[in-house]
Amino acid sequence: MSPREELHLLTVAEAGRRFRDGSLTSSDYVSALMERIRRLDPQLRSVITLTGPADVEIVSWRGPLHGIPIGIKDSIATAGIRTTANSHVLAGWVPAEDAPAVAAVRAAGAIVLAKLNLNEFAWGIPSEDDLFPPPRNPWSPEHRAMGSSSGSAVAVASGLCPAALGTDAGGSVRQPAANCGVVGLKPTHGLIDSSGTFAAPTICEVGPITRTIEDAALLLDALTGAPYAESLLRPTRPTRIGVPRRHIEAAESDRQIGTAFEDALQVLRQLGMDVVEVDIDGLADAAEADFLILNVEAFSLHEHTLRTRRADYGQSSRLYHMQGAFLSAADYVAALRVGDVVRKRVDDVLSMVDVLATPVVPVLTAEAARSAKAQPHTGGAAIFTAPFNLTGHPAISIPGGMSTEGIPIGFQLIGRARGEADLLWLAHQYEQATPWHTMHPADVEIASSHSMGG
Amino acid sequence: MKQLSVARLRQMASSLDLDLNAEELAGMRPMVQDLLEVGRRLRRDYAPRIYRRTRRSE
């Protein structure tokens with residue numbers, strides 16, 4: 001491995017430090033990553049649009065993201081860069097304006113290196129017939145990566161970019177992050193301006209996908225203007241962890257996921273934290289209500305285009321976007337009411353414990369998550385993630401284990417509303433006590449040796 | 001809940017001015033049925049408190 005090739009393992013924080021001490025230029029770093037994308041991505045399929053080399057002269061330093069190349073999920077608008085949402089509907093669309101989240105990271109000096117693959121419009125089951133076929137999981141290339149921010153998680157895990165922005169309406173940042181062994185943060189509802197994305201506005205947040213907690217904090221700094229990365233170093237922090245055991249057991253997770261979760265709790269205990277069981281009624285209802293809202297808002301967002309250009313949607317995406325038409329206003333209001341009720345219950349529990357802990361997803365592979373048993377259209381595979389989209393609490397997926405098949409397993413922590421500083425601090429303590437974030441997938445050099453199902 | 005038939009779904013689609021073909025109707029039927037059941041259950045279990053006669057249990 002050449003010294004140039006090792007650049008792909010740099011974190012955002014490390015690359016920024018090297019820019020500042022003069023041992024690396026942003027131009028050389030970007031060039032190395034572009035070369036890596038050209039070599040590996042034909043197999044990984046995480047990149048939809050690779051931007052050209054940018055002018056990255058550092059004239060006046062804008063902060064830790066200055067000169068850092070990042071990827072953006074292709075359902076988030078980028079001024080002057082094609083934004084397809086992986087749909088024929090938008091195949092040639094070049095937005096005039098950045099989404100606010102993109103504008104924020106660009107203002108902090110980040111460079112948009114690539115637009116990244118996703119489930120069509122972030123809603124539907126991917127297929128080989130999509131405008132851009134689904135990304136492969138770099139840890140197990142015979143499997144696809146979980147979605148919908150699949151390309152974002154694959155690109156970060158594979159060292160194609162050190163960080164990416166995704167969107168999460170039911171787990172679409174956290175699930176692919178868990179499945180690819182990286183960090184995924186869904187912020188508190190409304191903390192980040194998530195407009196300018198193709199997403200259900202009531203439940204969807206833009207969130208960072210990174211290889212470390214420190215990098216997630218740095219991106220959150222840029223997205224909000226608040227000093228989350230600094231707060232990782234503060235000494236006094238949360239120590240009481242609540243485990244909603246009844247909800248977790250009802251999900252009947254894969255045995256390896258259950259084992260990894262118990263191991264993660266044991267690490268927290270060894271760090272001196274108090275792990276207690278809590279009961280929150282209605283979390284499963286909240287997952288279903290979240291997906292009911294997603295269905296209704298997806299139809300609302302796409303109704304005009306569905307009526308005029310239905311054939312331009314892929315088969316699955318077309319059906320997924322239309323089914324919300326059949327739900328009533330009373331259904332939608334009831335789902336919102338579930339959010340009010342369960343939010344209060346979660347708040348009550350979070351007045352007694354500092355954070356909640358759960359697995360991220362009950363199954364190991366994207367294929368299992370899309371099975372009939374998982375009922376993706378009603379949120380079955382999102383049983384641990386979607387409740388907190390509906391309630392709006394911040395939640396983070398951290399690398400938390402490895403299956404015997406070599407597929408990463410995530411660990412989720414959920415915090416109080418606007419409690420990202422505590423959440424990131426605790427996640428950082430866990431990360432630093434475990435080896436998972438130091439593991440990287442081997443380069444995927446599969447050419448035509450792996451075939452994917454349709 | 002009574003099973004949603006393709007004919008009933010076609011009727012519902014027609015009332016919404018959605019011109020769905022047979023393949024689309026067949027593909028959507030089980031998913032729409034699931035969603036309608038979820039909606040009905042949530043309307044019942046999370047009815048505004050004034051109408052609730054019994055405490056719901058999970």
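Trainee: In which sense do strand β7 (residues 240-244) and β9 of chain A pair?
Mentor: Strand β7(A) and β9(A) pair in the parallel sense, over two bridges. Pairing here requires at least two DSSP bridges between two strands. Strands are DSSP runs of E with at least two residues, helices are runs of H or I with at least four, and both are numbered from the N terminus. This is a predicted model, where local features need pLDDT of at least 70, side-chain atom pairs count only at pLDDT 80 or more, and totals for chains, interfaces and linings use all residues. Residues are numbered from 1 along each chain as its sequence is written, while chains are lettered from A and ligands numbered from 1 in the order in which they are written.

Trainee: Thanks! What stands opposite A:G242 in β9(A)?
Mentor: That is A:L356. In β11(A), A:L356 has A:I414 as its bridge partner. Strands β9(A) and β11(A) (residues 408-414) run antiparallel, joined by four bridges.

Trainee: And on the β8(A) side, what faces A:G242?
Mentor: There A:G242 stands opposite A:V276. β7(A) and β8(A) are parallel, with five bridges.

Trainee: Why is β9(A) called largely enclosed?
Mentor: Five of the five residues of β9(A) (355-359) are buried, so the rest of the structure largely encloses the strand. Buried means that 20 or more other C-beta atoms lie within 10 Å of the residue's own; exposed means 12 or fewer, partly exposed is in between, and C-beta atoms are placed from the backbone. β7(A) is also largely enclosed, because four of its five residues are buried.

Trainee: Zooming out, what is the strand order of the open sheet?
Mentor: The sheet has 11 strands, with mixed pairing, in the order β1-β3-β2-β4-β6-β5-β10-β11-β9-β7-β8 of chain A. β1(A) (47-50) and β8(A) (274-278) are at the edges with a single partner strand each, so one side of each has no neighbour in the sheet.

Trainee: How does β1(A) pair with β3(A)?
Mentor: Antiparallel, over three bridges. A:V47 stands opposite A:L116 in β3(A).

Trainee: Switching to helices: which residues of α3(A) are buried?
Mentor: In α3(A) (residues 100-107), A:A101, A:V102, A:A104 and A:V105 are buried. Down the helix axis they fall within an arc of 160°, so they line one face of the helix. That arc is taken from the directions from the helix axis to the C-beta atoms.

Trainee: What do they pack against?
Mentor: The buried residues of α3(A) pack against several elements of chain A, including β2 (69-73), β3 (111-116) and α6 (213-224). Contact means C-beta atoms, placed from the backbone, within 7 Å.

Trainee: Is α6(A) mostly covered or exposed?
Mentor: Mostly covered: 11 of the 12 residues of α6(A) are buried. Just after α6(A), A:G225 takes a positive phi of about 80°. A:G109, which follows α3(A), also has a positive phi, near 100°.

Trainee: Last topic, chain B. How many of its residues are in contact with chain A?
Mentor: 18 residues of chain B are in contact with 24 residues of chain A. Helix α2(B) (residues 22-45) gives the most to that side of chain B, with 13 residues.

Trainee: What else is in chain B?
Mentor: Chain B has two helices and zero strands. Of its 58 residues, 19% count as buried.

Technical notes. Two residues are in contact if their C-beta atoms, placed from the backbone, lie within 7 Å.
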